[in-house]
Amino acid sequence: MSISQRIIAHFDLDAFFVSVECLNNPSLKGLPLIVGGRERGVVAACSYEARKFGIHSAMPMKTAMRLCPHATVVKGTRGEYSRFSRWVTDIIAAKAPLFEKASIDEFYLDLTGMDKYFNPYQWTIDLRQEIMDKTGLPISFGLAANKMVAKIATDEAKPNGYLHIAFGREKEFLAGLKVNKIPGVGDNTFQALRDLGIETIEHLAAHPIEILENRFGKYGADLWHKAHGIHHGEVVPYHEAKSISTESTFEENILDLERLMNELVRMTERVAYELRQDNKMAGCIAVKIRYPDFETTSRQTSIVYTSYDDELIPKAKDLFHKLYRKGKPVRLLGVRLSELVDEAVQTNLFSDVEKKTELYKAIDDVKNRFGSKSLTKAAGK
């Protein structure tokens, strides 16, 4: 096998947030379903039934509800998404020789050389089936000689399907697709290409590379190569995320400081709980505030490595008070923990670490059994 004949699989969990919500509440299946806030914020995800009305992710919720007033809206459960994502990641990690986790629901697998021992296509089909059997989640994949073609193949295989583009057939496969099927070609580039008379990838491949370079610079040459199915991106070995965060866009702007403190405590508890579930500690905490005019400020501080609520909450409150413009209502509030490390013995010698660890283990056991909202602290505590 020549060096150019790589074997790359791209896996993408179909409508991931929606699929998780439907697994946890089967009565939602088949409905036009939107994951997101009510009137404020944007659509985080939507079901295929909702997409028929023109709804898509990142669309303002007000627009989505105007397009489909009878849509069912759920706020979403980030902890569940993380849990299912880790579950799929663990299944892939146990089987794949090299993989990259591109996002919470998207993976690239480098299977180059596997054809000496197995049929890579059948192996990928079997892995997809194992993921579906164990998790209940629908998942699609594309198999090709490079990451770009594999990703486009996955998009064409959705929902819940798979597609193999044999080596040497890349250009033929791409030809009839619109140029905005190429990853990274957004609305502005798409319109600029259309202005040149380029609608399909076949048109792009036939266009002189010199004209594309003159119009788009180096990116023009990159587009020309992609139109010919040429892409050299490597599968980057998976490394765990270095931060964990949560934020809320309020349905109404909040001026009441007590309500803001309650929300801040709740959010800090949430990210701390997720941190402990991953057996991690954080060395940095940040708070973000957005006002009704969309002015956004954030501030962070280094901390002694911890995953304990009672150590993180005071830091979050302190950051909030340093940031907050008194008397101004708040539209969005966020908390982020970063500089994550594997859990280890606490270095703060003045804390009764053993008792505290047992306390939080008991708290988390209750939350795991009855839900993450079953125990919360009061803002003033």
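Me: Does H10 pass H11 in a left-handed or a right-handed crossing?
Reply: The names refer to DSSP runs numbered from the N terminus, where a helix (H or I) has at least four residues and a strand (E) at least two. A crossing is left-handed if the near helix is turned anticlockwise from the far one by less than a right angle, and right-handed if clockwise. By that convention, the crossing of H10 with H11 is right-handed.

Me: What kind of model is this, and how are its residues numbered?
Reply: The model is predicted: local features need pLDDT of at least 70 and side-chain atom pairs count only at pLDDT 80 or more, while totals for chains, interfaces and linings use all residues. Side-chain values use heavy atoms, with hydrogens and water left out, and along each chain, as its sequence is written, residues are numbered from 1.

Me: Which word describes the angle between helix H10 and helix H11?
Reply: Axes are lines fitted to C-alpha atoms, for helices over the stretch in contact, and angles between N-to-C directions run from 0 to 180 degrees. The axes of H10 (residues 209-216) and H11 (residues 218-227) come within 6 Å and cross at roughly 140 degrees. Angles under 35 degrees count as roughly parallel, over 145 as roughly antiparallel, 65 to 115 as roughly perpendicular and the rest as oblique. The arrangement of H10 to H11 is therefore oblique.

Me: Which residues make the contact of H10 with H11, and how many of them are nonpolar?
Reply: Contact means heavy atoms within 4.5 Å. H10 contributes Ile209, Leu212, Glu213 and Phe216, and H11 contributes Lys218, Tyr219, Gly220, Ala221, Trp224 and His225. Ala, Val, Leu, Ile, Met, Phe, Trp, Tyr, Cys and Pro count as nonpolar, Asp, Glu, Lys and Arg as charged, and the others, Gly among them, as polar. Two residues of this contact are polar and two charged, and the number of nonpolar ones is six.

Me: How many disulfides are counted?
Reply: A disulfide is a covalent bond between the sulfur atoms of two cysteines; here the rule asks for a pair of cysteine sulfur atoms within 2.5 Å. The sulfur of cysteine 46 has its closest cysteine sulfur in cysteine 68, at 9.9 Å, which is too far for a bond. The count of disulfides is zero.

Me: Is cysteine 68 buried or exposed?
Reply: Buried means under 20% relative accessible area, exposed over 50%, and partly exposed in between (1.4 Å probe, protein chains only). Cysteine 46, with a relative accessible area of 2%, falls in the buried class. At 0% relative accessibility, cysteine 68 is likewise buried.

Me: How far apart in space are threonine 249 and arginine 331?
Reply: Threonine 249 belongs to strand E9 (residues 243-254) and is partly exposed at 30% relative accessible area. Threonine 249 and arginine 331 are 82 residues apart in sequence, yet their C-alpha to C-alpha distance is 5.9 Å.

Me: What is omega for the peptide bond that joins lysine 158 and proline 159?
Reply: Proline 159 lies in the loop between helix H6 (147-157) and strand E8 (162-164). The bond joining lysine 158 to proline 159 is cis, with omega at about 0 degrees.

Me: What is phi of glutamate 339?
Reply: Glutamate 339 sits in the loop between strand E12 (330-338) and strand E13 (341-342). Its relative accessible area of 40% makes glutamate 339 partly exposed. Although glutamate 339 is not a glycine, its phi is positive, at about 55 degrees.
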